[in-house]
Amino acid sequence: MVRTILKYGEPILEEVAEPVTEFDTPELRNLIADMWETMYAAKGVGLAAPQIGSKKRISVIDVSVGEDESKKIVIINPEVTFREGKQTGEEGCLSIPGFREPVTRAMHVKVRAQNEKGETIELDGEELLARAFEHEIDHLNGVLFINHLSALKRDIIRRKIKKLQRAGEWD
Ligand code: NI
């Protein structure tokens with residue numbers, strides 16, 4: 001089921017999500033299926049559970065945006081175990097539509113996580129995938145890409161969003 005993507009301003013987007021402790025359950029499978037459907041409907045490369053209102057440490061990523069089944073990644077309770085190098089590129093977020101800004105991220109990251117069955121998995125990402133890992137894991141810690149911008153740029157974006165909220169164009 002395609003779910004509503006919560007927008008910046010919803011408190012859950014800035015809260016720390018909770019670890020998943022029960023695996024291989026219908027609830028978990030349904031939540032992840034909803035995350036995929038919602039992400040593809042929005043043409044995103046990643047989505048974190050808090051973005052659809054679930055305070056769970058789960059993210060889905062597909063840097064091929066539905067073109068290549070083998071690129072689909074589900075990470076549960078993920079942590080970055082290694083970071084190397086730097087890349088700066090435009091970044092956006094489905095919860096902050098209409099805004100894109102350059103963000104510096106690691107060029108190469110390694111992630112340890114669990115899969116839907118609770119098995120430990122180790123993943124390696126470079127370039128766009130490294131960026132997606134960092135962005136989606138940030139979401140699980142209540143951190144949004146605008147938190148990586150200068151205070152000045154962040155304030156400009158916040159003010160523009162407040163204006164959109166007042167105009168009823170940000171729900
Ligand atoms: Ni995002």
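In this predicted model, the backbone nitrogen of lysine 117 and a polar side-chain atom of asparagine 115 lie 2.9 Å apart, a polar contact (a pair of N or O atoms within 3.5 Å; within protein, one must be able to donate a hydrogen and the other to accept it, and residues adjacent in sequence count only if both atoms are side-chain atoms). Asparagine 115 sits in the loop that links strand S6 (108-114) to strand S7 (120-126); helices (H or I, at least four residues) and strands (E, at least two) are DSSP runs, numbered from the N terminus. Not counting residues up to four places away in sequence, Phe23, Ile76 and Ile121 touch asparagine 115, where contact means heavy atoms within 4.5 Å.

Ile76 also belongs to the largest nonpolar core, where, of 16 residues, Ile32, Met35, Ile58, Val60 and Ile76 touch the most other members. Such a core is a set of buried Ala, Val, Leu, Ile, Met, Phe, Trp, Tyr and Cys residues joined through side-chain atoms within 4.5 Å. Two or more residues each come from helix H1 (26-41), strand S2 (58-61) and strand S3 (73-84), and H1 gives the most, six residues. Beyond its neighbours within four places in sequence, isoleucine 32 meets Ile58, Val60, Val74, Ile76 and Glu116. A separate core holds 13 residues, including Ile73, Val80, Val109 and Ala130.

Turning to the metal site, the nickel ion has as protein donors Cys93 (SG), His135 (NE2) and His139 (NE2), at 2.1 to 2.3 Å. Donors are N, O and S atoms within 2.8 Å of the metal (3.2 Å for Na, K and Ca); water is not among the atoms, so sites may look incomplete. The donor residues are spaced C-x41-H-x3-H in sequence. Histidine 135 and histidine 139 share helix H2 (residues 128-140), four residues apart, about one turn of the helix, and both are buried.

As for the whole protein chain, three helices and seven strands follow the order α-β-β-β-β-β-β-β-α-α. Buried residues account for 46% of the 171 residues.

Residues are numbered from 1 along each chain as its sequence is written, and side-chain values use heavy atoms, without hydrogens or water. Local features need pLDDT of at least 70 and side-chain atom pairs count only at pLDDT 80 or more, while totals for chains, interfaces and linings use all residues.

Methods:
Buried < 20%, exposed > 50% of the residue type's maximum accessible area, 1.4 Å probe, protein only.
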